[in-house]
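Subject: Structure handover

Hello,

Here is the structure I said I would pass on. My notes on what was found in it come after it.

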Amino acid sequence: MAEIGKGVTAGKLAINVQKRLTRAQEKVLQKLGKADETRDVVFEEMVANFNKQMAEGTKLQKDLKAYLAAVKTMHDASRRLQDCLADMYEPDWFGKEEMDALAEDTDTLWLDYHQSITDKSLQNMDIYLSQFPDIKARIAKRDRKLVDFDSARHHFTSLQKGKKKDEAKIAKPAALLEMAAPSWAQGLISAHQVAQTNLSYNQAEEDLGRAQKIFEELNVELQDELPALWDRRVGVYVNTFQSLAGHQEKFHKEMSKLSQNLNDIMTKLEEQRQIKKGATAASKTGDCAKSEGANHSESASSAPKSAVTNGSDGELPPGFLYKVKAVHDYAATDGDELELKMGDVVLVLAFDNPDEQDDGWLMGLKESQWFQKKDISAKGVFPENFTQRV
């Protein structure tokens, strides 16, 4: 016999084609109402639940993959941000080594989080959904076998009632042949017809029994599996989201610690900057004091007299040293402090008692107030780093 394809002979191909034609004919007859269809409402409900369960599981799997893709995107963004900070962080800044270790720990935490969700949540869903294609294929096969069973049942019933059209076509030529035959041969022809009818009936009965057996085997298996699969979905969802929630909680807890460490490093870096800024301001104050000492012939304790000398025309207040200009606003927090607005010109005065002067602070009087009221009592202390000498 000629071979059509690998493992498929012409005979098998013809049988498959015949089965498809028979099924198509049976479905047409059922739709037209000329043949009854075997229905199982309970099984149809199981199939509807199966389709719903498969659709929900597929959507959950898709959304988990989208979530993982978002986690990877966040990981990449976090890594770039950490790299940017590492590139900007100068070696002499506080916590350079701690910053490098923090960046490495953050990267590792993101990797572990992504891998944990992949291993525990996504792979569980993959395993869960892997059983659906086989069950779906067996449901389709069961439906085909049900059509075969209905077709065999209808064929057997038609033979029992003697209503099959093919039998009518065979009966007429046989009757004519029997009338034309000699009397001694008429019995043989009748016996042959009976044998043919019995053969067709027995064959139809065997086909019906075989179709019923195949269908019932598939039907029983699926009726056991589908309800169990439907009940398992809750456990799968619980395990998936419990695992996801556990990994999220662990990740955010560890990330919170790393974020706190980063905040501590930034706080200490700012403290380092303020200390350096204060030291620079103190150094400038010392240099100014030395310069003023060199410009005056008297000692620091006689500075008010020197100032009065500078203002010999009587327009400058006693103890005047030099002028400064406010470069920032300063809100006074005590009664002896001088409130400043950016742009104010201040006449710096010598302290009555030099021991009362704090580092980084000056005594002064706003120039505008002095020229308007000539009131020395309006003087107050202010931070030197809020001003610039003019």
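Contact below means heavy atoms within 4.5 Å. The model is a predicted one, and the values quoted are computed from it.

Overall make-up

The chain has 390 residues, of which 29% are buried. Its secondary structure consists of 8 helices and 7 strands. If contacts with a separation of 6 or more are taken, residues 24 or more positions apart account for 68% of them.

Helix 2 against helix 4

On the helix 2 side of this contact are Phe43, Val47, Phe50, Gln53 and Met54, and they meet Phe132, Ile135, Lys136, Ile139 and Arg142 in helix 4. Sorted by class, the contact has 7 nonpolar residues, 1 polar residue and 2 charged ones. Helix 2 covers residues 41–88 and helix 4 covers residues 132–161; their axes are 12 Å apart, at an angle of about 150 degrees. Angles over 145 degrees count as roughly antiparallel, and helix 2 and helix 4 are therefore roughly antiparallel to each other. The crossing of this pair is left-handed.

Helix 2 against helix 3

Helix 2 also packs with helix 3. Here the axes come within 10 Å and cross at roughly 170 degrees, which makes helix 2 roughly antiparallel to helix 3 as well. This contact has 19 nonpolar, 11 polar and 7 charged residues.

Salt bridges

The search of the whole structure gave 13 salt bridges. Side chains of opposite charge can pair when their charged atoms come close. Some of the pairs are set out here.

Within helix 3 (residues 96–129), lysine 96 and aspartate 100 are 4 residues apart, so about one helical turn separates them. Their side chains form a salt bridge with an N to O distance of 3.8 Å. Both partners are partly exposed: aspartate 100 has a relative accessibility of 36%, and lysine 96 has one of 21%.

Arginine 138 takes part in two of the pairs described here. One partner is aspartate 134, with the closest N and O atoms 3.3 Å apart. Arginine 138 and aspartate 134 both lie in helix 4, 4 residues apart, so they too are separated by about one helical turn. Aspartate 134 is partly exposed, at 45% relative accessibility, whereas arginine 138 is buried, at 16%.

The other pair joins the side chains of arginine 138 and glutamate 225, at 2.5 Å from N to O. Glutamate 225 counts as partly exposed because its relative accessibility is 31%. Through shared partners, salt bridges join Asp134, Arg138, Glu221 and Glu225 into one network.

Threonine 240

Helix 6 also holds threonine 240. Is this residue buried or exposed? With a relative accessibility of 1%, threonine 240 counts as buried, the cut-off being under 20%. Which residues does threonine 240 contact, leaving aside its neighbours within four places in sequence? They are Leu64, Ser121 and Met125. Threonine 240 can also be set against isoleucine 117: the two are 123 residues apart in sequence, and their C-alpha atoms are 9.3 Å apart in space.

Lysine 374

One backbone angle goes on the list. Lysine 374 has a positive phi, about 55 degrees, although this residue is not a glycine. Where is lysine 374 placed? Lysine 374 is in the loop between helix 8 (367–373) and strand 6 (380–383). At 41% relative accessibility, lysine 374 counts as partly exposed.

Regards

Methods
Residues are numbered from 1 along each chain as its sequence is written. This is a predicted model: local features need pLDDT of at least 70, side-chain atom pairs count only at pLDDT 80 or more; totals for chains, interfaces and linings use all residues. Side-chain values use heavy atoms; hydrogens and water are left out. Axes are lines fitted to C-alpha atoms, for helices over the stretch in contact, and angles run from 0 to 180 degrees between N-to-C directions. Helices (H or I, at least four residues) and strands (E, at least two) are DSSP runs, numbered from the N terminus. Angles under 35 degrees count as roughly parallel, over 145 as roughly antiparallel, 65 to 115 as roughly perpendicular and the rest as oblique. A crossing is left-handed if the near helix is turned anticlockwise from the far one by less than a right angle, and right-handed if clockwise. Ala, Val, Leu, Ile, Met, Phe, Trp, Tyr, Cys and Pro count as nonpolar, Asp, Glu, Lys and Arg as charged, and the others, Gly among them, as polar. A salt bridge is a side-chain nitrogen of Lys or Arg within 4 Å of a carboxyl oxygen of Asp or Glu. Buried means under 20% relative accessible area, exposed over 50%, partly exposed in between (1.4 Å probe, protein chains only).
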